[in-house]
Amino acid sequence: MDFFHAHQAQHYLVLAALLFALGAAGVVLRRNAIIILMSIELMLNAVNLTFLAFARFPLVPNSPMGSFLHGHTAVFFVIATAAAEAAVGLAIIIAVFRSRTTVHVDEFDSLRF
Amino acid sequence: MEAILFYVFAAGVLGASAQVVLRRNPIYGAVSLVGAFFFLAGIYLLLSAPLIAILQVMIYAGAVMVLFVFVIMLLNLKEEELGEPKWTFWKGAGLVAVIAGTGILVWKALGPAYPGAPAIDNAVRMAGTGFGGVKAVGRTLYLASVLPFEVTSLLLLVAIVAAVVVAKGKI
């Protein structure tokens with residue numbers, strides 16, 4: 001058991017899995033729309049961590065795509081998409097709050113206002 | 001040294017993220033999430049990704065979380081409007097079981113993927129090429145994925161317009 005010695009990909013991947021599980025649990029358990037959005041950000045960050053872990057510790061010695069930095073570019077795109085998603089999601093929360101005066105997702109049970 | 005830093009940062013990430021999920025008031029969750037993003041930036045530095053670490057601090061901890069805090073303060077939720085059911089024992093037990101189960105499952109499943117021999121470490125192999133730096137990542141970005149990069153700018157433009165249209169209500 002190299003739990004305390006090695007500095008290896010497994011550590012980062014397990015951390016990413018824990019972070020993703022935590023974010024997924026937040027999405028499922030919480031009823032506040034803002035906290036659900038924040039949990040989604042947690043899950044996106046877990047995916048970023050996985051990309052970077054595989055970029056530093058790849059499974060094969062030669063990248064089939066020519067460079068091992070494609071993981072970094074993927075993280076770049078994920079960050080940009082997450083920023084856009086947060087902006088639109090928060091705008092939707094504001095719009096719903098204006099008509100329902102709540103951010104409790106159990107109240108959002110009809111498609112028309 | 002790296003291992004110690006990793007465990008410190010990992011504990012920080014998981015502790016702050018747990019605050020996000022467990023806290024009743026979203027403002028505490030938002031501030032904890034900023035802390036979690038800073039710890040994650042430290043983890044990215046350990047993974048020799050300095051550019052991504054800086055982007056994480058600037059975009060996530062800077063821009064996105066400011067947006068979250070701004071919206072939380074704009075909505076100004078009262079205590080009774082939080083509308084969160086109380087935590088029960090079984091909810092907590094399920095949360096712990098799912099997270100611990102995921103961790104153990106992934107740890108066990110990754111054992112065969114990385115058998116005994118020392119893993120390939122790109123930070124060591126490519127030490128002279130500026131692995132993870134601005135120049136190297138920029139070259140990969142602009143040589144291999146120019147089109148997605150430009151489409152991303154379009155995506156951000158669409159998101160800005162959509163956010164304004166949705167939040168403004170009446171144009």
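**Exercise 1. Does A:Thr101 count as buried or exposed, and how many C-beta neighbours does A:Thr101 have inside 10 Å?**

Solution. The model is a predicted one, in which local features need pLDDT of at least 70 and side-chain atom pairs count only at pLDDT 80 or more, while totals for chains, interfaces and linings use all residues. Residues are numbered from 1 along each chain as its sequence is written, with chains lettered from A and ligands numbered from 1 in the order in which they are written.

Step 1: recall the cut-offs, by which a residue is buried if 20 or more other C-beta atoms, placed from the backbone, lie within 10 Å of its own, exposed if 12 or fewer, and partly exposed in between. Step 2: A:Thr101 has 11 C-beta neighbours inside 10 Å and therefore counts as exposed. Step 3: A:Thr101 is found in the segment after H3 of chain A, and its phi is positive, about 50°, although it is not a glycine.

**Exercise 2. Place B:Ser48 in chain B and assign its burial.**

Solution. Step 1: B:Ser48 lies in the loop between H2 and H3 of chain B, where helices (H or I, at least four residues) and strands (E, at least two) are DSSP runs, numbered from the N terminus. Step 2: B:Ser48 has a positive phi, near 50°, in a residue other than glycine. Step 3: B:Ser48 is buried, because 21 other C-beta atoms lie within 10 Å.

**Exercise 3. Check the length of H2(B) and describe how H2(B) packs.**

Solution. Step 1: H2(B) covers residues 26–46, and its 21 residues at 1.5 Å a residue should span 30 Å, which agrees with the 30 Å between its end C-alpha atoms; the expected span is 1.5 Å times one less than the number of residues.

Step 2: the buried residues of H2(B), among them B:Leu33, B:Phe37 and B:Tyr44, pack against H2 of chain A together with H1 (2–22) and H3 (50–75) of chain B.

Step 3: H2(B) and H3(B) pack at an angle of about 175° with their axes 8 Å apart; axes are lines fitted to C-alpha atoms, for helices over the stretch in contact, and angles run from 0 to 180 degrees between N-to-C directions. The two helices, H2(B) and H3(B), are therefore roughly antiparallel, a term for angles over 145 degrees.

Step 4: residues of H2(B) including B:Pro26, B:Ala30 and B:Leu40 meet residues of H3(B) including B:Tyr60, B:Met65 and B:Ile72, contact being defined by C-beta atoms, placed from the backbone, that lie within 7 Å. By class, this contact has 21 nonpolar, one polar and no charged residues, with Ala, Val, Leu, Ile, Met, Phe, Trp, Tyr, Cys and Pro counted as nonpolar, Asp, Glu, Lys and Arg as charged, and the others, Gly among them, as polar.

**Exercise 4. Describe chain A and the side of chain A that touches chain B.**

Solution. Step 1: chain A has three helices and zero strands, and of its 113 residues 53% count as buried. Step 2: the C-alpha trace of chain A spans about 55 × 35 × 15 Å along its principal axes. Step 3: the contact takes 65 residues from chain A and 72 residues from chain B. On the chain A side, the elements that give two or more residues are H1 (9–29), H2 (33–56) and H3 (70–100), and the largest share, 23 residues, comes from H3(A). By class, the side of chain A that touches chain B has 45 nonpolar, 15 polar and five charged residues.

How values were computed
Two residues are in contact if their C-beta atoms, placed from the backbone, lie within 7 Å. Angles under 35 degrees count as roughly parallel, over 145 as roughly antiparallel, 65 to 115 as roughly perpendicular and the rest as oblique.
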